[in-house]
Amino acid sequence: MTLRLALIISLIAGFVSISMEIVWFSILGYMFKGHAFTFGAVLSLVLFGIAFGAKYGYRAVNKPGVNVLQLISKYLLVGGLFNFAGFPVIAWLMTFSSAFAALLAINVVVVSGLLGCIFPLLCHLAVSQQEQSVGRQTSQLYAANIIGATTGPLITGYILYDLFSIEQIITGLCVVLLLLSFMLRMRSAGAAPKLKNAAVYVTLLVGVVLVHNLLYTHFLEHIQYQSIFDKTKVYKHLLHNRSGILAVDQQDRMFGSGAYDGAFNTDPSEYNINAVDRIYMVAAMHRQPESVLVIGLSTGSWAKVLANYDHVKQMTIIEINPGYLDIISKYPEIATLLTDKRVKIIIDDGRRWLKRNPDQKFDLIVMNTTYHWRQNSTNLLSYEFLGMAKNNLKPNGVMYWNTTKSQDVVYTAAHVFSHVTTYGTLVAASDSPFNLTEEERRSNFMKFRRFDEVLFTQEKFVNRGNQLINMPLPELHDSILKQDLWLITDNNMAAEYKADIWAIFKNITPVGAEKK
Amino acid sequence: MGSFKQTNTGGFSFMTRILSLLFFCSGVSAIIYQIVWQRVLFASFGTDIESITIIVSVFMLGLGLGSLIGGAMSNASEKKLINYFIFFEVSIGLFGLISIPLIEYVSHLTLHLSGGWWLPFIVFAILVIPTFAMGATLPVLVTYLFKQTKSVGNSVTRLYYINTLGSAIGCLVTVGILFVIGTRQSTIYAAAFLNFLIAFLTFIYSRKKPATV
């Protein structure tokens, strides 16, 4: 084999491998709802696969009579087909028992193993045995492989993910591998007659393209619901883009990359599926919030409630995934948010936006943050982030965000703010006390409207309104600081990696950790 | 250790086996850096898909270019190849020690540039030293090993396997142990310690090894 051909194959193999890796992160991340351990676990599976693939693939070369080019062709073929068919078949099996999920991990190891042996085999075939050429030619093949891998995030992660669904991308990658396999098969000596080979490959290619729709029907629902999947769990809306996968179920609940993200509802009384009453409680926390910053739009239900609040004159919303806007546009009540002149929606990373806009000040900052155990949640929960956000508050400003039941979040809030209270799963923090009188609260609650009518004077909502007006907001600052909890910092990532695990070993303090 | 003896078992000398073990550790430390640096870069420059794409791509581009540099250096003598390896490991370790404050400082300095076309260049400037060094180690060691085994496939496979296996295990150790018991900074210290240990042991063994195998 010429070095040039080997370089091309190495480049394509690098691109396909990293593209598959991106897909695997999406699929397994979806199943584990973006848990902090997912990235490390999946990367580890991939690397184990590559390592053992390289080792055992090379052993196969040393067997007598082996045609290396045919061997590479075979690995590419089997890898492509396993990747294409393995995931939907396993996902379907998971609807019978969640235990089949373990097969997903095995599939990742097998496919990455089949592709992992390509690089050493190419070196075996194409690198000259002359001492002065070994390092240079190996480095060129290695560089080609890595440059192929470099284009993976750019082409697949950035461009293809915005244009195609996951199953279409998997199908496309399978087609690329089949074509490459076919090309090598044709070039290898001792292959079966060209026509026979061509017929087999054409059949496979046509088959892959034709069956992909059927094979991947309800694929993500199978991954998410597993053994509790039934026809009522079929998604109502599904949106793929480069920022993730958004799905809405039949109950109008949103799932972002597999994790519950809220529901489309602003009714705090009977149909309170998303516990939306929690956002109405801002009326008991701040006397007159005119300017509001919302970090994380999701379904837009919370932002819509705030837009319906007469006090609010201006609202800035920072959302990282533009796909939410497309889904919100399907819900007329919430969609009005998108055209509301008081509302400014910015697509950006919340933390970065705060860093770049230290001079923008708000009466109220609201974050319906995602689960504390998800990857990179530290960026929005840490001591450093709260300090940054506090700088963006006006005097008497209030910050109100979701703890997702993590007491460490409340504890961290108490290190940054002088006053802390909670309602439901949310924590509110401020440097001013939460001391609105009942009259002030009542006056504020009467400023919420829904469909242009004052909400809490309507018969359906009067009782709920009274409950919220009289809801106690206890001062927790001093008492929470006395508890044995984690101060979440950028450095210790306690919400993601520590709190849940160390809760099992309560009496042991980890070395080098910033636990107070 | 003091009674080092040149042996040849199954085609690989004792020195080769030691070097493989050290390259395994090099794989562990490399993946630790990759995981921690990505986290710090995401926190500094954003977790939006644009930043993630640029950070991951630039990291790999650095490895690829480093590999070409390693290839260009690989015509050197055995002794020089080992010295290059030591140099790369020390460079990675030294950079590792200052990496987190450096990334945070650069991100602060370039706060208003990093949203646009500048970001790839900023990330490249930050990661150029360690990724070049990481990428260069494989071709340098492959050449070194080839001088003993006279088999390209054997040398590449062995080093590729051992280094990737190190990374696979390093990945689990990072998220399953180091992040659980320590911090980002202490995890980086562990990786830097490995780099210095690798460099030290390689130096010791290279001094005991005869000039020609």
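Colleague: Why is the meeting of the Arg287(A) and Glu440(A) side chains called a salt bridge?

Modeller: Their N to O distance is 2.8 Å. The term asks for a side-chain nitrogen of Lys or Arg within 4 Å of a carboxyl oxygen of Asp or Glu, so the pair qualifies. This is a predicted model: local features need pLDDT of at least 70, side-chain atom pairs count only at pLDDT 80 or more, and totals for chains, interfaces and linings use all residues. Residues are numbered from 1 along each chain as written, chains are lettered from A and ligands numbered from 1 in written order, and side-chain values use heavy atoms, without hydrogens and water.

Colleague: What makes this pair a link between distant parts of the chain?

Modeller: Arg287(A) and Glu440(A) are 153 residues apart. Arg287(A) lies in the loop between α10 (277-280) and β5 (291-295) of chain A, and Glu440(A) in helix α18(A) (residues 438-445). Helices (H or I, at least four residues) and strands (E, at least two) are DSSP runs, numbered from the N terminus. Over all chains, the structure holds 17 salt bridges.

Colleague: How many salt bridges join chain B and chain A?

Modeller: One. Glu496(A) pairs with Arg39(B), with the closest N and O atoms 2.7 Å apart. Chain B and chain A also share 14 residue pairs in polar contact, both residues at pLDDT 80 or more.

Colleague: Which element gives the largest share of the side of chain B that touches chain A?

Modeller: α5(B), with 19 residues. By class, this side of chain B has 29 nonpolar, 28 polar and six charged residues.

Colleague: How many residues of chain B and chain A are in contact?

Modeller: 63 of chain B meet 66 of chain A, where contact means heavy atoms within 4.5 Å. The buried area is about 5,500 Å², that is, the accessible area (1.4 Å probe) lost on putting the two together, summed over both. Carbon and sulfur atoms give 66% of that area.

Colleague: Is α7(A) roughly parallel or antiparallel to α8(A), and why?

Modeller: α7(A) (residues 166-187) and α8(A) (residues 194-215) pack at about 180°, axes 10 Å apart. Angles over 145 degrees count as roughly antiparallel, so the pair is roughly antiparallel. Residues making the contact include Leu178(A) of α7(A) and Tyr201(A) of α8(A).

Conventions
A polar contact is a pair of N or O atoms within 3.5 Å; within protein, one must be able to donate a hydrogen and the other to accept it, and residues adjacent in sequence count only if both atoms are side-chain atoms. Ala, Val, Leu, Ile, Met, Phe, Trp, Tyr, Cys and Pro count as nonpolar, Asp, Glu, Lys and Arg as charged, and the others, Gly among them, as polar. Axes are lines fitted to C-alpha atoms, for helices over the stretch in contact, and angles run from 0 to 180 degrees between N-to-C directions. Angles under 35 degrees count as roughly parallel, over 145 as roughly antiparallel, 65 to 115 as roughly perpendicular and the rest as oblique.
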